[in-house]
Amino acid sequence: GLIRELRGLESRAISYTNIRNAAGTGFTIAGLVASQCGMPLVTSGHPNSMRGMDRFLPGAVCIGDLLRQRGYDLSYLGGARLSFAGKGTFFESHGFDTVLGFEELQETLEDPAYASNWGLYDDALLDRYLARFEALSAAKEPFALFGLTMDTHHPSGHRSRRCGDLVYGDGSNRMLNAVHCTDRLLAQAIRRILASPAADRTLLV
């Protein structure tokens with residue numbers, strides 16, 4: 001019952017189970033590099049110390065590079081600061097047209113103080129993600145839109161306001177409460193994409 005709403009959508013998708021992290025993929029920027037470039041990130045220093053570079057893995061061919069060559073408009077929206085671990089430089093180095101993090105998205109909030117220690121709450125981020133999706137899909141040009149949510153970040157999680165009184169079990173575990181909340185928010189976002197006029201020409205991963 002923890003991720004009940006995503007489980008309800010699972011039958012409409014291809015679902016992979018028993019997935020494990022390979023070495024060099026288990027921290028923020030390494031997960032992004034692995035999912036975008038298909039390789040681990042092995043560094044000689046601290047894993048998240050990649051922020052000082054002018055270009056990030058310029059010799060790697062990543063999904064952004066491949067899609068850019070094919071005329072795709074590429075966007076990344078993430079709740080945390082782009083400077084953290086060099087995320088912004090990574091996306092800008094690999095063909096992305098629009099790269100938005102905490103500082104850029106905070107300006108669009110009605111309440112700029114609505115943020116956790118890590119950045120935007122998922123409800124605020126997903127609202128902006130969906131607005132970007134709808135604008136890009138209305139343009140009818142090929143696009144790829146990537147997002148990174150924050151509420152389920154360890155050690156305690158951060159539950160979005162929009163979930164109201166929704167908790168998991170007796171509500172005593174903050175992390176499980178955050179996962180339960182994000183399950184609802186992600187499922188709502190997915191259903192909105194699936195109901196959009198662009199759904200039949202959109203691949204949602």
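Where is the place of Pro155? In this predicted model, Pro155 sits in the loop between strand E3 (143-148) and H7. The peptide bond that joins His154 and Pro155 is cis, with omega of about 5°.

**Backbone geometry**

- Leu57 is not a glycine, yet Leu57 has a positive phi of about 50°. Leu57 belongs to the loop between H2 and helix H3 (63-69).
- Leu57 counts as partly exposed because its relative accessibility is 24%.
- Ala85, although not a glycine, likewise has a positive phi, here of about 60°. The loop that holds Ala85 runs between strand E1 (73-78) and helix H4 (87-92).
- Ala85 counts as buried, since its relative accessibility is 1%.

**Salt bridges**

- Side chains of opposite charge can pair when their charged atoms come close. Nine salt bridges are found in a search of the whole structure.
- One of them is between the side chains of Glu5 and Arg184, at 3.7 Å from N to O. Glu5 lies in helix H1 and Arg184 in helix H7, so this pair ties together parts that are 179 residues apart in sequence.
- Glu5 counts as partly exposed at 25% relative accessibility, and Arg184 is also partly exposed, with a relative accessible area of 27%.
- A salt bridge also links Asp73 with Arg132, whose closest N and O atoms are 3.7 Å apart. Because Asp73 lies in strand E1 and Arg132 in helix H6, the pair ties together parts that are 59 residues apart in sequence.
- Asp73 is partly exposed, having a relative accessible area of 28%. Arg132 counts as partly exposed at 24% relative accessibility.
- Glu103 and Arg81 meet through their side chains in a salt bridge of 3.2 Å, N to O. Glu103 is in helix H5 (residues 102-106) and Arg81 in the loop between E1 and H4, so the pair ties together parts that are 22 residues apart in sequence.
- The relative accessible area of Glu103 is 35%, which makes this residue partly exposed. Arg81 is partly exposed as well, with a relative accessible area of 36%.

**A buried aspartate without a salt bridge**

- Asp122 is found in helix H6 (residues 122-138). Asp122 is buried yet has no salt bridge.
- Which side chain of opposite charge is nearest to Asp122? That side chain is Arg162, which is 11 Å away. A salt bridge requires the nitrogen and the carboxyl oxygen to be within 4 Å.
- A polar atom of the Asp122 side chain lies 2.8 Å from the backbone nitrogen of Met150.
- With neighbours within four places in sequence left aside, Asp122 is in contact with Thr149, Met150, Asp151, Ser160, Thr182 and Leu185.

- Leu6 is found in helix H1. Leu6 counts as partly exposed because its relative accessibility is 26%.
- The C-alpha atoms of Leu6 and Arg184 are separated by 7.6 Å, although these residues are 178 residues apart along the chain.
- Not counting residues up to four places away in sequence, Leu6 touches Asp183, Leu186, Ala187 and Ile190.
- His180 lies in helix H7 (residues 174-194). Is His180 buried or exposed? His180 counts as buried, because its relative accessibility is 9% and buried means under 20%.
- Residues up to four places away in sequence again left out, His180 touches Gly1, Leu2, Arg4, Leu166, Val167 and Tyr168.

**Nonpolar surface patch**

- Ile14, Tyr16 and Ile19 make a nonpolar surface patch of about 430 Å².
- Tyr16, one of these residues, is found in the loop between helix H1 (4-10) and helix H2 (28-37).
- Tyr16 counts as exposed, since its relative accessibility is 65% and exposed means over 50%.

Key: Residues are numbered from 1 along each chain as its sequence is written. This is a predicted model: local features need pLDDT of at least 70, side-chain atom pairs count only at pLDDT 80 or more; totals for chains, interfaces and linings use all residues. Side-chain values use heavy atoms; hydrogens and water are left out. Helices (H or I, at least four residues) and strands (E, at least two) are DSSP runs, numbered from the N terminus. Buried means under 20% relative accessible area, exposed over 50%, partly exposed in between (1.4 Å probe, protein chains only). Lys and Arg count as positive and Asp and Glu as negative; His and the chain ends are not counted. A polar contact is a pair of N or O atoms within 3.5 Å; within protein, one must be able to donate a hydrogen and the other to accept it, and residues adjacent in sequence count only if both atoms are side-chain atoms. Contact means heavy atoms within 4.5 Å. Patches are made of residues with over 30% relative accessible area and no salt bridge: like charges are joined within 9 Å, nonpolar side chains (Val, Leu, Ile, Met, Phe, Trp, Tyr) within 5 Å. Accessible areas come from the Shrake-Rupley method with a 1.4 Å probe; for residues, only the protein chains shown count as cover.
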